[in-house]
Amino acid sequence: MSPLLAIDGLTAGYGGLPIIDNINLLVAQKEIIVVIGPNGAGKSTVLKSVFALTSILSGSIRFADQEIAGIATQKLVPMGICAVPQTRNIFPSLTVRENLDIGTYAAPPRNRAQVEEGVLTLFPDLKQKLDQPAGELSGGQRQMVTLGRALMSEPKLLLLDEPTAGLSPAYLERIFDLILAIRQTGITILMVEQNARQALSIADRAYVLVNGRNFASDTGANLLANDEIRRSFLGGSRPS
Ligand SMILES: Nc1ncnc2c1ncn2[C@@H]1O[C@H](COP(=O)(O)OP(=O)(O)OP(=O)(O)O)[C@@H](O)[C@H]1O
């Protein structure tokens, strides 16, 4: 089966200046693929390129066998790609339900109630809070709203940019568990994560980027067991 997402020889950046150079990356259906690497390596720029938020200088991005480089973000959402940016924007004065509804604007689901029920099954914390202003939620709950909002568009591919950034250790574990649960529903995940060890432990495969280039790629388990990767990117010793 051909991959759901195939990035081939991608050079992209901002204002015509390249940040990532000749990147290759494949994501098969229902995989969790993680991108790790030092600060400024270009990890977010890869995600943003898939979501049409960079200038693409050369190379190709194929989604479900269709070239999407150059297709605008608002057209990508109904095709089945949705992104949760690092900024975790919610609308604090709108209720949780209204925030979730925003996810349906670009790609109205066939059965809104059913899709919302699926989201609330994944995020039961939000069920009691549907009519509360989202601004009253904790950081972890806000992240559930942004993930839930993305799921309201019924994506095939979910792009997650540092989904655990700034969360307490308790929520961090929960978000990783939720990402596994989202994949269980059949959604493919491409994510950038600073908590590299935990991310590799849930990844099917991962890519290491350095200075905007592919440095290594392997299964999450093999990268966790690789001495050089551990020393250079995971802060040293084997986890106990
Ligand atoms: N909108 C932008 N305009 C210009 N330069 C940008 C923009 N966004 C990012 N950059 C630059 O691109 C480079 C790579 O940034 P990117 O966010 O892709 O890296 P990253 O690997 O995700 O880093 P981090 O782990 O710190 O988030 C950085 O030097 C950054 O300053």
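1. A residue counts as buried here if 20 or more other C-beta atoms lie within 10 Å of its own. By that cut-off, 40% of the 240 residues of the chain are buried.

2. This is a predicted model. Mean pLDDT for the chain is 93, and 98% of the residues score at least 70. For the complex, the predictor reports an ipTM of 0.96 and a pTM of 0.94.

3. Overall dimensions come next. The chain has a radius of gyration of 18 Å, which agrees with the value near 18 Å that a compact globule of 240 residues would have. Along the principal axes, the C-alpha atoms fill a box of roughly 50 × 45 × 35 Å. Of the contacts with a separation of 6 or more, 69% join residues 24 or more positions apart.

4. The chain contains nine helices and 10 strands. Four of the strands make an open sheet in the order 2-1-4-5, with antiparallel pairing. Its edges are strand 2 (17-27) and strand 5 (66-67), each of which pairs on one side only.

5. Strand 4 (residues 55-63) pairs with strand 5 in the antiparallel sense, over two bridges. Phe63 has Gln66, in strand 5, as its bridge partner.

6. Now the ligand. The residues surrounding the ligand are Tyr14, Ile19, Gly37, Asn39, Gly40, Ala41, Gly42, Lys43, Ser44, Thr45 and Val192. Helix 1 (residues 43-50) gives the most to this shell, with three residues. By class, the shell has six polar residues, four nonpolar and one charged.

Key:
Residues are numbered from 1 along each chain as its sequence is written. This is a predicted model: local features need pLDDT of at least 70, side-chain atom pairs count only at pLDDT 80 or more; totals for chains, interfaces and linings use all residues. A residue is near a molecule or strand if its C-beta atom, placed from the backbone, lies within 6 Å of it. Ala, Val, Leu, Ile, Met, Phe, Trp, Tyr, Cys and Pro count as nonpolar, Asp, Glu, Lys and Arg as charged, and the others, Gly among them, as polar. Two strands pair if DSSP finds at least two bridges between them. pLDDT is the predictor's confidence in each residue, from 0 to 100. The radius of gyration is taken over C-alpha atoms; the globule rule is 2.2 Å times the number of residues to the power 0.38. A residue is buried if 20 or more other C-beta atoms lie within 10 Å of its own, exposed if 12 or fewer, and partly exposed in between; C-beta atoms are placed from the backbone. Two residues are in contact if their C-beta atoms, placed from the backbone, lie within 7 Å.
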